[in-house]
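Keep the structure open beside the text as you read.

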Amino acid sequence: MCDVVTALKVGMAVQNYRSAKAVAKGQKLANTETRKNSDKAYLNDISKIDKDAVLATREKKAEDFRLSQEENAKKAEALNTNAGNGLKIMQDIGGGYDMQFLDVSRDFETDVLNLVSQESEAYGAQERRYNSIKPVTMPSKTGLYLQVATIGAEGYYKNKSATAPDPDITATEGSH
């Protein structure tokens with residue numbers, strides 16, 4: 001009976017090892033997939049940020065061009081009407097457009113700073129996703145071998161003690 005119990009214990013230990021190994025392998029695959037998905041999400045974030053940077057640059061260029069054309073038109077109009085000192089007209093009109101140019105530049109720099117911040121946030125999100133992945137510990141074959149050896153030793157000593165003669169009975173029989 002002890003041999004059957006020992007065999008069942010060994011079988012359970014081996015099955016537990018196999019189950020733990022399968023769970024660990026499944027978790028490794030899930031972690032790999034999580035990393036892939038995280039990489040995709042990060043690249044999508046960076047792609048969107050890059051697209052926004054291109055759009056901001058285009059918008060700045062278009063606004064700069066619009067302002068310069070508007071400034072040139074006003075200067076030409078003022079000079080053509082011969083409305084006074086040409087240098088003062090140019091300075092007056094140019095000064096107003098310089099402020100608009102600075103406003104456009106400031107808005108563009110703000111957009112760029114926001115995009116840089118978004119890149120940092122995207123990388124931070126990537127790090128958080130990676131850090132949330134739980135490490136996988138594969139079960140140890142050595143641990144299984146030790147468990148099986150312990151079970152075998154327990155079964156052996158139980159069998160030996162069950163079949164060994166009682167030392168008290170042997171001692172009393174020998175004295176008669």
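## The chain at a glance

The protein chain exposes about 13,100 Å², and carbon and sulfur atoms supply 58% of that area. Please keep in mind as you read that this is a predicted model. Of the 176 residues in the chain, 18% count as buried.

The chain holds 4 helices and 0 strands, so its elements, read from the N terminus, run α-α-α-α. Among them are helix 1, covering residues 2–80, helix 2, covering residues 86–131, and helix 3, covering residues 141–163. If you count the contacts in the chain with a separation of 6 or more, 85% of them are accounted for by residues 24 or more positions apart.

## Where helix 1 meets helix 3

Which residue forms a salt bridge with Lys9? The partner is Glu154, and the two side chains meet at 3.9 Å, N to O. Lys9 belongs to helix 1 and Glu154 to helix 3, so this pair ties together parts that are 145 residues apart in sequence. Lys9 is partly exposed, with a relative accessible area of 33%, and Glu154 is also partly exposed, at 37%.

Gly152 gives another view of helix 3, where it is found. The C-alpha atom of Gly152 is separated by 9.1 Å from that of Asp3, although the two residues are 149 residues apart along the chain. At 31% relative accessibility, Gly152 counts as partly exposed.

A search of the whole structure finds 7 salt bridges.

Arg66 has a relative accessible area of 40% and is partly exposed, while Glu70 counts as partly exposed at 29%. Glu63 comes into the picture as well: salt bridges that share partners join Glu63, Arg66 and Glu70 into one network.

Is Asp64 buried or exposed? Asp64, which is found in helix 1, has a relative accessible area of 17% and is buried, because the cut-off for that label is under 20%. Its salt-bridge partner is Lys60, with the side chains meeting at 2.8 Å, N to O. Both Asp64 and Lys60 are buried. They sit 4 residues apart in helix 1, which means that about one helical turn lies between them. The side chains of Asp64 and Lys60 also make a polar contact, at 2.8 Å.

What does Asp64 touch beyond its neighbours within four places in sequence? Setting those neighbours aside, Asp64 is in contact with Phe101 and Val104.

## A nonpolar patch on the surface

Together with Met99 and Leu102, Phe101 forms a nonpolar patch on the surface. The accessible area of Met99, Phe101 and Leu102 together is about 300 Å². Met99 lies in helix 2.

How many aromatic pairs does a search of the whole structure find? The search finds 1 aromatic pair. It is formed by Tyr42 and Tyr123 in an edge-to-face arrangement, at 6.1 Å centre to centre and with 70 degrees between the planes. Tyr42 lies in helix 1 and Tyr123 in helix 2, so the pair ties together parts that are 81 residues apart in sequence.

What about the accessibility of these two tyrosines? Tyr42 is partly exposed, with a relative accessible area of 22%. Tyr123 is partly exposed as well, with a value of 44%.

Terms used. Residues are numbered from 1 along each chain as its sequence is written. This is a predicted model: local features need pLDDT of at least 70, side-chain atom pairs count only at pLDDT 80 or more; totals for chains, interfaces and linings use all residues. Side-chain values use heavy atoms; hydrogens and water are left out. Patches are made of residues with over 30% relative accessible area and no salt bridge: like charges are joined within 9 Å, nonpolar side chains (Val, Leu, Ile, Met, Phe, Trp, Tyr) within 5 Å. Accessible areas come from the Shrake-Rupley method with a 1.4 Å probe; for residues, only the protein chains shown count as cover. A salt bridge is a side-chain nitrogen of Lys or Arg within 4 Å of a carboxyl oxygen of Asp or Glu. Helices (H or I, at least four residues) and strands (E, at least two) are DSSP runs, numbered from the N terminus. Buried means under 20% relative accessible area, exposed over 50%, partly exposed in between (1.4 Å probe, protein chains only). Contact means heavy atoms within 4.5 Å. A polar contact is a pair of N or O atoms within 3.5 Å; within protein, one must be able to donate a hydrogen and the other to accept it, and residues adjacent in sequence count only if both atoms are side-chain atoms. Rings of Phe, Tyr and Trp (its six-membered ring) pair if their centres lie within 6.5 Å; planes under 30 degrees apart count as stacked, over 60 as edge-to-face and the rest as tilted.
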